[in-house]
Amino acid sequence: MPRSFLAFTLATLFPLPFLVAGALFGGWAVWIALFYITLFVAGVDEFIPALTRDGDPAEDDEADLLSMVLVGVHFFLLFLMVWALSGHGTRLFSLSGLALFAATGLFMGQVSNSNAHELIHRGARGLRRAGKWVYISLLFGHHASAHPLVHHTHVGTPNDPNTSRMGESFYSFARRAWLGSFKAGLKAEEARLAQIGAGRWDRRNPYLLYIGGAVLMLLVSLIIAGWRGVLVHLMLAAFAQTQLMLSDYVQHYGLERAQREDGSFEPVSAVHSWNAPHWLSSLWMLNAPRHSDHHAHPAKHYTALEIPARGEAPMLPYALPVMACIALWPKRWRRVMTPHAEAWRSA
């Protein structure tokens, strides 16, 4: 097993036994999981801030294996927490229950989301389908259409709902991006259906799967833990969705593609995404902070993504999870990011 692949495996799966133990028994295990996901990752990033190792394309098979393991972990944790936090294990409205909810939501928002994002870009149908179902379980299935069809096409332009604008707060962005991406993704899928002479609600429209699958997922939670289970599922999904939108907000904040005289936009390049070279959070999020390389090569496996050299692409002042926390306080966010964003906008 390649050393770097082992690092991805350990980084993403380390909190799993503690989350499971916390769901079943509560107590100290919950706090170890939450400590690792938050303070430990941030602390290691601070002391080991830069990792410039090139990606390793030879690890593609291992990367897909870990992705499928993480899909299984996601569904196991989701329904375990629905059961546990509904009152069968650690009660949600207790100190340890809230800590377990936070740790699980962060895992789903940062690991499950990153993994699903990787899978919807894979060429193999089975892998793409697995990524779709992770998003569907988080009641965010439309992202599997909107992300590749809209975001990757229109990033850095007013036509992309998931590109955050200069001076825009996260809260304004989130309201605009959720509904905007749902509509834009649906419009893109309708255009694809029209090319083969099919109507909006043809059975091949994946939005039928996204909506029907979400209902199915909530029905499973209802069977497992009643209406409390549905409530827990809704809360976990909302928390995970917020993590995804925070990532989009941070990674494209204030970066715009120049518009040409004919109305078209300049090609996407490394300067249209924020990156972060931090070590442990990159492993934890499957190299999601290497965002410029992902936009340049969407089908590249996460193990092969490379971090741009400083000066070639925008670099976040802190690790991606830390910047996501700062984004929750708009005034602080603008103080931190405005000088960096303006520098790249005028470059």
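This is a predicted model: local features need pLDDT of at least 70, side-chain atom pairs count only at pLDDT 80 or more; totals for chains, interfaces and linings use all residues.
Helices, as named here, are DSSP runs of H or I with at least four residues, numbered from the N terminus.

The largest pocket has a volume of about 470 Å³. Four helices, α6 (125-137), α7 (143-154), α8 (170-195) and α9 (206-252), each contribute at least two residues to the lining of this pocket. Of the elements involved, α7 gives the largest share, with four residues. In total, 17 residues line the largest pocket, and those nearest its centre are Lys-132, Glu-189, Arg-192, Arg-204 and Pro-206. Sorted by class, the lining of the largest pocket holds six charged residues alongside nine nonpolar and two polar ones.

The second largest pocket has a volume of about 270 Å³. Its lining is made up of 18 residues, and here Thr-38, Leu-106, Gln-110, Pro-321 and Cys-325 lie nearest the centre. Two or more lining residues come from each of α3 (28-47), α5 (95-119), α9 and α12 (320-326). The largest share of the lining of the second largest pocket belongs to α3, which supplies five residues. By class, this lining has twelve nonpolar and five polar residues, with one charged residue.

Conventions
Residues are numbered from 1 along each chain as its sequence is written. Side-chain values use heavy atoms; hydrogens and water are left out. On a 1 Å grid over the protein atoms alone, a cavity is a set of points where a 1.4 Å probe fits but cannot get out, and a pocket is an open set with protein on both sides within 12 Å along at least five of seven lines; lining residues have an atom within 4 Å of a point. Grid points are joined across faces, edges and corners, and a volume is the space filled by probe spheres set on the points. Ala, Val, Leu, Ile, Met, Phe, Trp, Tyr, Cys and Pro count as nonpolar, Asp, Glu, Lys and Arg as charged, and the others, Gly among them, as polar.
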